[in-house]
Amino acid sequence: MGNAAIARGAIAAGLNLVSGYPGTPSTEVLETSAKCSSGSMYVEWSVNEKAAMELAAGAAYCGARTMVTMKQVGLNVASDPLMSLAYIGVKGGMVVLVADDPGPISSQTEQDTRTFAAFSKLPCFDPSSVQETYDMIGEAFELSEKYHTPVLFRPTTRVCHGYASITVKDEDEFKTNEPEGFVRDPSKWVIFPRLSYNAHINIEARNVTLSEELSSYSRNLIIPEKAEGCRKGIATHGISYTYVTEALRDKSAPRVMKVTTPFPFPEKAALAFLEGLDEVLCIEELDPVIERELTYICGKHGLNVKIRGKLTHDVKNAGENTCGSVAGNIAAFMGWEMPGKTEAEAAPALPVRPPVLCAGCPHRASFFAVKEAMKGKKAVFCGDIGCYTLGNAMPLDMVDTCLCMGAGVNITQGIGHIEPDTVCFAFVGDSTFFASAITGAVNAVYNQADMTLVILDNSTTAMTGHQPHPGTGRTVMGEIVEKIDITAVLHGIGVKTVETVNPLELKKAVETVKRVASEKGVKAIIFKSPCAVIIKPEKPAVIDPEKCTNCKKCIRSLGCPGIVIKDGRAAIENSLCTGCGLCSQVCPFGAISVKEGK
Amino acid sequence: MSTNIMICGVGGQGIVLTSKLIAATAVSHDVPVMSAETIGMAQKGGSVFSFLRVGEGINCPMFGEGEADILIGFEPAEAVRMFPYLKKGGTAIVNTHPIMPVTAALTGSDYDGRNMLEYIERNAEKSVFIDGDKACTEIGSPKVLNMVMLGAAVASGLLPFTLEEIEQTMKATVKPQFVELNSKALRYPR
C-alpha cells in the first residue's frame, strides 16, 4: 500500500518521530510506522493535527527527523502552527504528510495541498506511484534538512490506497539520524515580527534558488526530451500521470511533462518543456496549479503557447480523474478518435447504495432515542464528523448540520442564541470530542448556552478503522495508559448534569433524553455502547411470522441494513444482523426477539 | 501480459481483503501487481470496488471500461454497476445472493437481484454464478463469502495463481483459528 511505502521509506531515511491524527486516506502511514518501528522511534496518535504538528516541530528543533501525518482537512486544523513554522524553520528534517482526496471519496472538501504549499511558501512533493512514494520520501527529508524547512508531501487517495510490488532498500542501506538535542537560541526559536520580516526575505530568496534546483530534479520528467514533429504537449502530475501514460501507451507523441514539485514551480524545466510547442493540455486533479503556473510562465516570457485545462473547460473542474476520463481528454485535445464504447444492452435500473450506519450500530439507537424524545418539539440536531454523520440518512434523518471536526457543539450554540425556543442538540463522537469539541463545551459553559451535548461513545475511532484515542486507555504502540474519563472532563469544565446510558436500552435512553434536555444550561448525555464492528455479534434477531403484521415499522423507523424485504415481508438478513435488539424494542407487536448467546 | 481484475460489492463483504490476498500472492511470487481500493466512508454498506492488475507491463493501478479480464461481483446489482469494465469475452463471477439497500427497503421495493443476474447471463460471454448465502451456511460462517468468491475466481483458471498459492497467502494473513474455515471456503466452488 502507498501509505505503507511512505512509512517504510521514511524509516529507511532515518525517521526518529512520527505523530498524526487519523483521517482517510492518510491513516495507514502512522499505523505502518508503529508496526515497523524498531523501538528507537517514537510514534503517537496525537489528540488532533495541531498537537501532532507542534510535537513534530519540537522534535525537529532537536535535530530529529520527524514526520507528521494527516488528511487534507486535518491540515486546516494544523495550519496555525505550520504557517509560523514556515518562518521559524527546523533543524532536523521534517515532512508534513498530507493526503489529498480527489472525488472527494471520504472528505468534506476537494482542497489541494499544492495550493496550500504556495500559500505557506513551503516546498511540496507530489508522488505518482507507490514506488515513487518510497523512493521520494527520503529525498524530501534531504531537502528539508538542507534548507532547514518543513516540506509538504502530498499523495492522493489512489496513491495512498494503491497496492504495488515495489523494490525496497536493504536494512544496511538505511540511514540513521542521531538528534543533537535542543540548543537554546531565542533569536532562532522565538517568533517576533522582526524575525518574521527577515525570515520572509530569506524564504522568497530560497524559493527562487529552489525553483532552479528543482528544475533539474530528475522526477520533474519531460518525455521525450525533444519535441519532434508534434507541437502539442501534456502537463500532468500524481496519479493522473499514470493515466496519461496508460492513454499514450505505444505512442511517441505528444510530449509529456510530469510536475513532481508543484511548489516552488520548476520554471526552467517548464520552459524547456514548452520549447517547440503550440498548445499544452494540463491534466490535473483538484486545483489547476500547473495550468496557472504555465499560463503565468508563458505570459512572463512572452511565449505563444496556448495552455488549456480546467480553466478553459477542457478538463472537468471537480472530482477525480479516471483512465477513461483522461483518455477522453487526450483524444479530444489531439483530435484522435474517441475511445469507442462497446454497444451493450442498457443495464436494468440499479438500486442506489449510499453508505449507511452498519447493522447493529449503537449510533442508530442513540439517534432514534433522541428523535423519539423530541417528537413534536422544535429542536435542532447538529452533527459532526465521524460514522455518525451517516445519521443523516433516511429514515433517521437526524443530522441538521455538519461542517467540520468539532463544529456542531458551537453551531448549536449559535442557533440557540438566535432561536431561543429551539431545543439545541450537538452530537459528537468520543474521538472527535477529544480532538476538537472540548473547547466548544468550555465555550458553551462560559457563555451560558442552553444546549444538550450528546456524546456517542463507541470506545474507538470507528470511521478511520478503529484507532485508539485518549478515552480508550491504549496507545498506538499498544501501551496501556490511564483512560481520560469524558464525564470527569465535563464535570471539570462545569457541566453539572452528565448522564451515561446504553442507547440499546431504548426506553431508558428516551427517558434520559427527555429528562436531561428539559434542564436549563449546558448538560450532557453519554450514549455508551461499543462499535458493532469490534464486538462479537450476538445471535441474529428472529421475526415471529405469527405475530408480525407486516406493518414494516421496524424498517421505516430504523433503516437498519439487517432488516430487508423478502417476498413482500420484513425479514432479518442473517449475514448482517448482530442481534443488538433495537428492532425488538421498536416492534409494536412484539414479533421480533433476540436470544442471548454468540 | 497482465490480467485485469475488477472486484466489486457492498462495503463490509470483505472485498478489500480479497484484493489484498491476490496482490500479496503476486508479491510473494515476484509477479508485478498494482491495485486501487475503496477504503473509508464507502465501506459502511456503500458500493465498493477494487481495481487489480497482475503481470508484466503495468504502470497504472486503474484500467478503463472494457478492460477487465475478470469481474468478481459479490452482489448482483453491484456486479451490474461495474459490468461496463468487463471486456468483451471476459468472465463474470457473481454471487447470486442480493443485499437489499436500506433505501430500497424503505421504498418498499422487493429488489431480489434476479433481473441483475439475468442481465449478466445475457451480456457476459462467460459467467459463473455462486449462491454465496448457501455456501456460507454450508461452510458455517457468514464471514467467508470473500474466500468462496476468491475460490471461484481461482477455479475459473483465469487468475495467474493456483489454489495452493492463494491458500499459502491466506494462511499467512488470517488468524490461525480461522485458517481451516477459510481453506474450506476457498475449496468450496470446486
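**Reading the features**

Reply: The terms are set by cut-offs: buried means under 20% relative accessible area, exposed over 50%, and partly exposed in between, with a 1.4 Å probe and protein chains only. This is a predicted model, in which local features need pLDDT of at least 70 and side-chain atom pairs count only at pLDDT 80 or more, while totals for chains, interfaces and linings use all residues. Residues are numbered from 1 along each chain as its sequence is written, chains are lettered from A and ligands numbered from 1 in the order in which they are written, and side-chain values use heavy atoms, with hydrogens and water left out.

Me: What does the side chain of Lys87(B) meet in a salt bridge?

Reply: A salt bridge is a side-chain nitrogen of Lys or Arg within 4 Å of a carboxyl oxygen of Asp or Glu. Here the partner of Lys87(B) is Asp69(B), at 2.5 Å from N to O. Asp69(B) lies in strand E4 (residues 68–73) of chain B and Lys87(B) in strand E5 (residues 86–95) of chain B, so the pair ties together parts that are 18 residues apart in sequence. At 15% relative accessibility, Asp69(B) counts as buried. Helices (H or I, at least four residues) and strands (E, at least two) are DSSP runs, numbered from the N terminus.

Me: Where in chain A do Glu284(A) and Arg114(A) lie?

Reply: These two side chains meet in a salt bridge of 3.0 Å, N to O. Glu284(A) lies in the loop between E11 and H13 of chain A and Arg114(A) in helix H6 of chain A, so the pair ties together parts that are 170 residues apart in sequence. Both Glu284(A) and Arg114(A) are buried.

Me: How should I read a strand for burial, and which residues lie on each side of E4(A)?

Reply: Look at the two faces in turn. In E4(A), Met94(A), Val96(A) and Val98(A) are on one side, Val95(A), Leu97(A) and Ala99(A) are on the other, and all are buried. Six of the six residues of this strand (residues 94–99) are buried, so E4(A) is largely enclosed by the rest of the structure.

Me: Which strands does E4(A) pair with?

Reply: Two strands pair if DSSP finds at least two bridges between them. Strand E3 (residues 66–71) of chain A pairs with E4(A) in the parallel sense over six bridges, and Val68(A) has Val96(A) as its bridge partner. Strand E6 (residues 151–153) of chain A also runs parallel to E4(A), joined by three bridges; there Leu97(A) is partnered by Phe153(A).

Me: What should I look for in the backbone of the loops?

Reply: The peptide bond from Gly103(A) to Pro104(A) is cis, with omega near -25°, and Pro104(A) is in the loop between E4 and helix H6 (113–120) of chain A. Another cis peptide bond joins Ile223(A) and Pro224(A), where omega is about -15°. As for phi, Leu286(A) has a positive value of about 70° although it is not a glycine. Leu286(A) is buried, with a relative accessible area of 5%. Asp397(A), likewise not a glycine, has a positive phi of about 50°, but Asp397(A) is partly exposed at 42%.

Me: Where does Pro25(A) lie, and is it buried or exposed?

Reply: Pro25(A) is in the loop between strand E1 (17–20) and helix H2 (27–36) of chain A, and is buried at 1% relative accessible area. Pro25(A) and Cys160(A) are 135 residues apart in sequence and 6.3 Å apart in space, C-alpha to C-alpha.
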